[in-house]
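These are my notebook entries on a few local features that I looked up.

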Amino acid sequence: YLSYVFFAEQIDAGALLKEIAELEGSVLESLATSEDQRQLVRVHRGLSLLKKLIAHGLTPSEWQLFEKERDTILGIPQTLTRLSGRPVGVDGPLTAETVAPFESFCARALDRNNAMVKNLLDKMRLDQSTAAIFVAGGFHSEGVTRILRRENISYVVVTPKISNVPETARPLDVFARAPLP
């Protein structure tokens, strides 16, 4: 049991979830046997990303995927119209203008990584400190650590472990892909 706990605590939840998403995507792609089915798989993926974008729930890696697939996502109504042979509507227009505020929010969230690290280092220089504690949400972990690594600055990431799951919750909810409240 102790070995199990030791190994379980070493699991990088972010990397695990990313790997699961990649595997799901490859399975869906492999099950699609025609070009129409492959387009429907891309529509499904695009709609999932769009839903998370609008809910401000994208992870940094999902944001990168959204940016890469942006044109395809904005073309979902046309793709569905072409596949179905009849006009397919959505609840309002899906255009670059309608998603721009949500894209801007996500882009600015990532821009804050640089600003937060710069402010931390400026404050440390001002106070002549050799160590500091920096607290940020998990969304920023990857970007902040990348900047610190690039600047050759030592760091430690402390991630809370969920140790008490309320009886009303389902135990596997701790592995949910959406951020927990």
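I began with leucine 2 and found a relative accessible area of 69%, so leucine 2 is exposed. The classes I applied are buried for under 20% relative accessible area, exposed for over 50%, and partly exposed in between, with a 1.4 Å probe and protein chains only. The areas come from the Shrake-Rupley method with a 1.4 Å probe, and for residues only the protein chains shown count as cover. Leucine 2 lies in helix 1, residues 2-9. I took helices as DSSP runs (H or I, at least four residues), numbered from the N terminus.

I noted the provenance next: this is a predicted model, in which local features need pLDDT of at least 70 and side-chain atom pairs count only at pLDDT 80 or more, while totals for chains, interfaces and linings use all residues. Residues are numbered from 1 along each chain as its sequence is written, and side-chain values use heavy atoms, with hydrogens and water left out.

Which residues make the nonpolar surface patch with Leu2? I recorded Tyr1 and Tyr4 beside Leu2, with a patch area of about 490 Å². Nonpolar side chains (Val, Leu, Ile, Met, Phe, Trp, Tyr) are joined within 5 Å, and like charges within 9 Å.

I then looked for aromatic pairs and found 1 in the structure. Rings of Phe, Tyr and Trp (its six-membered ring) pair if their centres lie within 6.5 Å; planes under 30 degrees apart count as stacked, over 60 as edge-to-face and the rest as tilted. Both residues belong to helix 4 (residues 60-74) and sit 3 residues apart, about one turn of the helix. Tryptophan 63 and phenylalanine 66 are both buried.

I also checked backbone phi, since most residues other than glycine have a negative phi. Histidine 56, not a glycine, has a positive phi of about 55 degrees. Histidine 56 lies in the loop between helix 3 (35-54) and helix 4, and is partly exposed at 43% relative accessibility. Glutamine 128 likewise has a positive phi of about 55 degrees. Glutamine 128 lies in the loop between helix 6 (96-127) and helix 7 (141-150), and its 72% relative accessibility makes it exposed.

Key: Patches are made of residues with over 30% relative accessible area and no salt bridge: like charges are joined within 9 Å, nonpolar side chains (Val, Leu, Ile, Met, Phe, Trp, Tyr) within 5 Å. A salt bridge is a side-chain nitrogen of Lys or Arg within 4 Å of a carboxyl oxygen of Asp or Glu. Helices (H or I, at least four residues) and strands (E, at least two) are DSSP runs, numbered from the N terminus.
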